Amino acid sequence: MSEASQTDGRRERANASRRRIALAMLELARAGEISPSAETVAETAGVGRRTVFRLFSDMEGVFREMHAVMVERISPMFAAPFQAATWRGRVEELIERRARMFEEMRPIKSAGDAHRHRSSFLQNEHRRITKLQRDTLLAVLPEKIRNDGERVEALDLALSFEAWRRLRQEQRLTIKDAAAVWRRLARALLD
């Protein structure tokens with residue numbers, strides 16, 4: 001076996017282990033563990049504790065890998081074109097789409113938010129995702145509403161991840177009920 005083949009094989013195994021560790025962290029975050037120990041991560045991922053430390057020198061790297069997995073999962077929802085012919089229909093689609101995306105993102109975002117103050121990567125990604133959400137909202141609204149600054153700010157806040165997390169976690173609403181609250185808020189702000 002050539003040296004290049006051995007190097008490629010090691011790289012593939014390392015990448016597979018990195019992914020298993022990221023998936024383990026996502027699984028643990030879904031279970032409510034936002035700062036699991038390296039031992040817990042290693043056990044959940046089915047790798048050795050030393051592998052975790054060898055592949056990730058710090059939590060920043062773990063969050064980068066987790067973020068990559070999450071982006072891979074939710075990108076199709078972000079990228080899908082809206083089907084509705086009217087702007088109001090597109091707002092309805094946006095609400096349904098965000099409910100699915102935010103529910104998928106909630107464990108990793110909640111875990112990431114707990115560590116964001118220490119991570120420039122998480123701070124930058126938070127700003128980027130917040131801007132993307134706002135830009136998506138603005139794109140579906142007619143010019144008259146886009147030009148109403150207070151209304152835009154209210155809609156942006158009402159349909160934010162933070163509002164979704166509060167509805168689901170603190171207020172303990174079901175996904176269906178939380179989406180219904182969003183629809184009511186949107187109607188009140190748009191009528």
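Three helices, H4, H5 and H6, each put at least two residues into the lining of the largest cavity; helices here are DSSP runs (H or I, at least four residues) numbered from the N terminus. The model is a predicted one, so to speak of local features takes pLDDT of at least 70 and side-chain atom pairs count only at pLDDT 80 or more, while totals for chains, interfaces and linings use all residues. Residues are numbered from 1 along each chain as its sequence is written, and side-chain values use heavy atoms, with hydrogens and water left out.

A cavity is taken, on a 1 Å grid over the protein atoms alone, as a set of points where a 1.4 Å probe fits but cannot get out, and its lining residues have an atom within 4 Å of a point. Volumes are the space filled by probe spheres set on the points, with grid points joined across faces, edges and corners. On that basis the structure holds three cavities of 30 Å³ or more. The largest contains about 220 Å³ of space. Its lining has 15 residues, and His-67, Ile-108, Lys-109, Leu-122 and Ile-129 are the ones nearest the centre. By type, the lining splits into eight nonpolar, three polar and four charged residues (nonpolar being Ala, Val, Leu, Ile, Met, Phe, Trp, Tyr, Cys and Pro, charged being Asp, Glu, Lys and Arg, and polar the others, Gly among them).

The second largest cavity comes in at about 60 Å³. H4, H5 and H6 again each give at least two residues to the lining, and H5 gives the most, with four. Around this cavity sit Met-77, Phe-78, Leu-94, Arg-97, Arg-98, Met-101, Gln-133 and Thr-136, that is, four nonpolar, two polar and two charged residues.

Lys-109, from the lining of the largest cavity, also turns up among the salt bridges, pairing with Asp-113 at 2.9 Å between the closest N and O atoms. A salt bridge here means a side-chain nitrogen of Lys or Arg within 4 Å of a carboxyl oxygen of Asp or Glu. The two residues are four apart in H5, which means about one helical turn lies between them. Both ends are buried (under 20% relative accessible area, with exposed over 50% and partly exposed in between; 1.4 Å probe, protein chains only): Lys-109 has 11% relative accessibility and Asp-113 has 18%. Shared partners tie Lys-109, Asp-113, Arg-116 and Arg-165 into one salt-bridge network.

Elsewhere in H5 (residues 87-115), Glu-103 and Arg-106 are three residues apart, or about one helical turn, and their side chains meet in a salt bridge at 2.8 Å, N to O. Arg-106 is buried too, at 16% relative accessibility. Asp-148 bridges to Arg-151 at 3.2 Å between the closest N and O atoms, and Asp-148 is partly exposed at 28%. Over the whole structure the search finds 17 salt bridges.

Then there is the nonpolar core (buried Ala, Val, Leu, Ile, Met, Phe, Trp, Tyr and Cys residues joined through side-chain atoms within 4.5 Å). The largest one has 47 residues, with Ile-21, Met-66, Leu-141 and Trp-182 touching the most other members. H5 supplies the largest share of this core, eight residues. Counting contacts as heavy atoms within 4.5 Å and leaving out residues up to four places away in sequence, Trp-182 touches residues including Ile-95, Phe-102, Ala-163, Trp-164 and Leu-167.

Methods
On a 1 Å grid over the protein atoms alone, a cavity is a set of points where a 1.4 Å probe fits but cannot get out, and a pocket is an open set with protein on both sides within 12 Å along at least five of seven lines; lining residues have an atom within 4 Å of a point.
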